[in-house]
Amino acid sequence: MAMLRLTMKAALCALVALMMAAVWAQPANAWTWATRVTVYNGGGLCVQGTAGIDHQRPGAFSGNLAYADTYALNPGCGTGQAKPDGWAAARATVYRWNGSAWAVCRTSPWKYGATGQAGGEFPGPYGPEQVYDWGGWQSCGTGYYGTIASAYVWDGSAWRGGDVWSGYEFASPTSLRDNRPSEPDTRPAPPSSHPPVAAGAR
């Protein structure tokens, strides 16, 4: 059993090393992330969210994916806090810069789940994770794209949380740097809604 576990660890490490080598060999990354950003901290609850955007790029480990994660933590935002299934929600909204303003390109449905603290080999807080195929530049055209992840946790009486901006990246059929419009100088306004129903009403 120990030999099998050692073999699996070695294979996983080799896979990660190959993926990182393939990605870092490219002149620029095909993804942008903001990880574990605190969006609410009070009343015995800390809520953190992660936002990410990725676009398919030849020769790079990539895909046309938007990411939104939600974590419920104890005060101080350290260890995970256990909430039942349906008491946490995540949603990814993909925006495109049209040259003068941000416009919504696509939005995922809300994904609900439980939260807690994982043990074993991969400790740390867990919660609902949204991995949304936004379709890449073909969805809304060549341009700068970013994701707002909406991260919310039900505290027993109300949804607590907020939004995380991933940052932006340029997506086009060729990803060439020439003929790009000027880069965005603002962030998009976050969506104005939280999960539509109370946790206990789902």
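Reply: Cys46 and Cys77 are joined in a disulfide, with an S to S distance of 2.1 Å, where a disulfide is taken as a pair of cysteine sulfur atoms within 2.5 Å. This pair links distant parts of the chain, since Cys46 belongs to strand β2 (residues 45-54) and Cys77 to the loop between β3 and β4, 31 residues apart; helices (H or I, at least four residues) and strands (E, at least two) are DSSP runs, numbered from the N terminus. The torsion about the S-S bond of Cys46 and Cys77 is about 100 degrees, so this disulfide is right-handed. Cys46 is buried, at a relative accessible area of 0%, and Cys77 is buried too, at 15%; buried means under 20% relative accessible area, exposed over 50%, and partly exposed in between, with a 1.4 Å probe and protein chains only.

The model is a predicted one, in which local features need pLDDT of at least 70 and side-chain atom pairs count only at pLDDT 80 or more, while totals for chains, interfaces and linings use all residues. Residues are numbered from 1 along each chain as its sequence is written, and side-chain values use heavy atoms, with hydrogens and water left out.

A search of the whole structure finds two disulfides, and the other one is formed by Cys105 and Cys140, whose sulfur atoms are 2.1 Å apart. Cys105 lies in strand β5 (residues 102-107) and Cys140 in helix α2 (residues 137-140), so this pair ties together parts that are 35 residues apart in sequence. Its S-S torsion is about 95 degrees, so the disulfide of Cys105 and Cys140 is also right-handed. Cys105 counts as buried at 15% relative accessibility, whereas Cys140, at 30%, counts as partly exposed. When the bonded cysteines are numbered in sequence order, the pairing reads 1-2, 3-4.

Strand β9 is mostly covered, with twelve of its twelve residues buried. One of the residues in β9 (residues 143-154) is Tyr152, which counts as buried at 11% relative accessibility. Eleven bridges join β9 to strand β10 (residues 159-171), again antiparallel, and the bridge partner of Ile148 in β10 is Trp165.

In the hairpin of β9 and β10, four residues lie between the strands, and Gly156 takes a positive phi near 110 degrees. The side chains of Asp155 and Arg160 meet in a salt bridge at 2.9 Å, N to O, the term being used for a side-chain nitrogen of Lys or Arg within 4 Å of a carboxyl oxygen of Asp or Glu. Asp155 is partly exposed at 29% relative accessible area, as is Arg160 at 28%.

How values were computed. Two strands pair if DSSP finds at least two bridges between them.
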